[in-house]
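This report goes through the model part by part. Please keep the sequence and the 3D view open while reading.

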Amino acid sequence: MKQHKAIRRIREFFRHRQHPVKIVGYTSKTLWLLLIPLVKYLVALRFDIRSWLVTNWVDILAISAIFAFAWLRWVFIYFEIDEKSITAHSGFFGLAATKLCFSSVTTVSVHQGSLQRLFGAATLYIDTNAKSVSKCDIILVLPKKRAEHILALVSDENERAVKYTVESKKRSQLAFSLFFSSTLSGVIIFAGLMFEASRIVDRNIEIRLLNTAAGEISKYTRSIPYVIVVTALIIIGGWLLSFFANLMRYWHFSVTRHGRRLIVRSGIWTVRHDVMHRDRIIYYDMTRSLLMKIFKICTVNVSCTGYGKRRSEIPTIAPIATDKEIDKTLSILIPSLTCPKAMLTTGKRELWRFICIPVFISLFVPVLRQVFVFIFPRWVDEINIISFIASVPCVWLVIVKAVAAFNTGVGFNESCCVFDYCRFYGFHRVVVNREKITRVAILQTWAQQKAGYCSIQICTENEKHKKHMIKHLPVDAAMSILRSNGLAV
Amino acid sequence: MHMYRPSRLAMISIYLFVIILSLALCFACGFGAMFKSVIFWYVMLFIIILTFLVLLIVVPLFFSLSRYSVSRNELICNTGVFIFKKQYMKLSSVRSFTAIVTPLSRATGLNFLVINSLGSQMVFWFLSKGDLNEITSYLDKVLKREEAANETA
């Protein structure tokens, strides 16, 4: 009997704890403590065994301290669940307790990385609209089954309601990743990786790696300058990285509408399962580049507290689809956000206003080229190639802004409003619930004031301070529309 | 509707601060020019031009164009020097506010009010202490009224 009791207690203990793999996670933050014995070890490199032993006990003590600390944190972090709420005890010695009612949860997610899959663990994130915390309200690393069980409890998955599922086509996903992967985002990921690696190892290694790769390539392309080979390597590498990241993230992507919830599943490398409260979605944003606009395809992102807010995540509910498919998908998934017609738009008249700054920037490139040729006359070839490369995005920006002149506007209906605008190279169509707008600003430069134009800046309820800027609208018309909809005085 | 303007005391404080700062920088540049390099004369010239620009254009324009108004339903904030900005925020969307009161603010007028709503912020710059107290007490009342309304609902 006593044995049974002991086993039951042990089981009970584990039932309310995180997955033991979390102990390793807790060690990583304090691993820097290992530097202390390492420095001591370096001092003792005179091969004197006695002094080595004298120094070694510090190593053992430090490592034991790290694991003991991690184990203590693991023991003190636990959670309790009842029918309507979850309480997570966190912080040192479990002193901080966070209690969440299931009814107030906006997003609950279970993410399982490849390393976690080996141990059968998964990370559970629970978010609410309590705006005081920008981080997640509750984060727990749990055995996968338990995490899924809690997710089902919180999201009330047993609710009897019809399920509508939208799955993205794999061919179109492949095409999307192939044609629309951004080199810039790839380069950012690559730079992030390099930065993290240089923190652990040494900066010289990454420089050597890049130089070796560039050196190998320049053996076959001797006529091309070395700088250009390195640049091309970074661009192609960045693009490839972005391509694979996109593919890994959106493979097996599906969205299901189930009662008041939206259930999103995606990913190969990291398997993601997110459940959102539909009524708490603030807005959806149809995002596309110029190429995507030409091919009439787009991506739809949503703003909902907790969804897609972690690093390298995008809050998408439709990674890639044609405009027609997107309309159908949105009417199924978020019927409450209906897109109104644009009441105030820009056009031919505002064309110069949209393109004047990009035109000046692209004219600045040849001027800069001349200056550099004057200062560095030996580097003419390199400067020519770099100025050509630099002029391509500038000219592209002129084209994008010219198209933006015909795709900018604002519109309202009884419940929602729509903003069409272009930000850098991307086109956005944001449909938001009118009640979720928190601040409206009218911006005017001196030139705009003289000509009677303005830009409207709109902020909505959000976790972050995000602004939507609709540029170059006639000020009188804009003000009258805002006034008639109760957004300005 | 109550209208507020940035405090004149704050304008004088900024004038004093800019003049002292530019004098210190000019002195340092003069010292550098005499003993190190001639290039410091150019830096000094740049500092003088910048100081005059700030004192004669930026500060007076900012203080003459800035206006804040608080009414029953909304807050309006007009600011800007080169880009004029008129912001509207519904009182119902205000969630909290932060009053920043610097030491000797009665004499310097360096008081600020940051109004927080969900996903956005609005800042009332350089308010006099009296104005700041008036606005904060009003906002406090509004927030309490909303809380009471939420509780009864």
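## Overview

Chain A has 16 helices and 20 strands. Helices (H or I, at least four residues) and strands (E, at least two) are DSSP runs, numbered from the N terminus. The model is predicted: local features need pLDDT of at least 70, side-chain atom pairs count only at pLDDT 80 or more, and totals for chains, interfaces and linings use all residues. Residues are numbered from 1 along each chain as its sequence is written, while chains are lettered from A and ligands numbered from 1 in the order in which they are written.

Of the 489 residues in chain A, 28% are buried. A residue is buried if 20 or more other C-beta atoms lie within 10 Å of its own, exposed if 12 or fewer, and partly exposed in between, with C-beta atoms placed from the backbone. Among the contacts in chain A with a separation of 6 or more, 58% are between residues 24 or more positions apart. Two residues are in contact if their C-beta atoms, placed from the backbone, lie within 7 Å.

## The seven-stranded sheet of chain A

Seven strands of chain A form an open sheet in the order β6-β5-β4-β10-β9-β8-β7, with antiparallel pairing. Two strands pair if DSSP finds at least two bridges between them. At the edges are β6 (138–143) and β7 (163–167) of chain A, each pairing on one side only. Neighbouring strands of this sheet are turned by 15° against each other on average, direction ignored. Axes here are lines fitted to C-alpha atoms, for helices over the stretch in contact, and angles run from 0 to 180 degrees between N-to-C directions.

Strand β5 (residues 121–128) of chain A runs antiparallel to β6(A), and 6 bridges join them. T123(A) has V141(A) in β6(A) as its bridge partner. Helix α6 (residues 144–155) of chain A packs on the sheet and touches β4 (105–112), β5, β6, β9 (261–266) and β10 (271–277) of chain A; its direction makes about 165° with that of β4(A). Helix α12 (residues 323–333) of chain A also packs on the sheet, touching β7, β8 (254–258) and β9 of chain A, and its direction makes about 150° with that of β7(A).

## The three-stranded sheet of chain A

Another open sheet has 3 strands in the order β1-β2-β3 (chain A), with antiparallel pairing. Its edges are β1 (78–81) and β3 (96–101) of chain A; each has a single partner strand, so one side of each is left without a neighbour in the sheet. From one strand to the next, the twist averages 15°.

Between β1(A) and strand β2 (residues 85–90) of chain A there are 4 bridges, in the antiparallel sense. The bridge partner of F79(A) in β2(A) is A88(A).

## Helix α14 of chain A

Helix α14 (residues 380–404) of chain A has 25 residues, which at 1.5 Å a residue should span 36 Å; its end C-alpha atoms are 36 Å apart, so the two values agree. The expected span is 1.5 Å times one less than the number of residues.

Buried residues in α14(A) are L397(A), V400(A), K401(A) and A404(A). An α-helix has 3.6 residues a turn, so residues three or four places apart point the same way. The buried residues of α14(A) pack against α11 (290–294), α13 (351–375), β16 (416–423) and β17 (426–433) of chain A.

## Two residues with positive phi

Most residues other than glycine have a negative phi. F424(A) is not a glycine, yet its phi is near 55°. F424(A) is in the loop between β16 and β17 of chain A and is exposed, with 8 other C-beta atoms within 10 Å.

H472(A) also has a positive phi, about 55°, although it is not a glycine. H472(A) lies in strand β20 (residues 467–474) of chain A and counts as buried, with 20 C-beta neighbours inside 10 Å.

## Where chain B meets chain A

In chain B, 17 residues are in contact with 20 residues of chain A. The strands β3 (74–79), β4 (83–90) and β7 (120–127) of chain B each supply at least two residues of the side that touches chain A. The largest share, 7 residues, comes from β4(B).

Strand β18 (residues 437–445) of chain A runs antiparallel to β4(B), joined by 7 bridges. R439(A) has M89(B) in β4(B) as its bridge partner.
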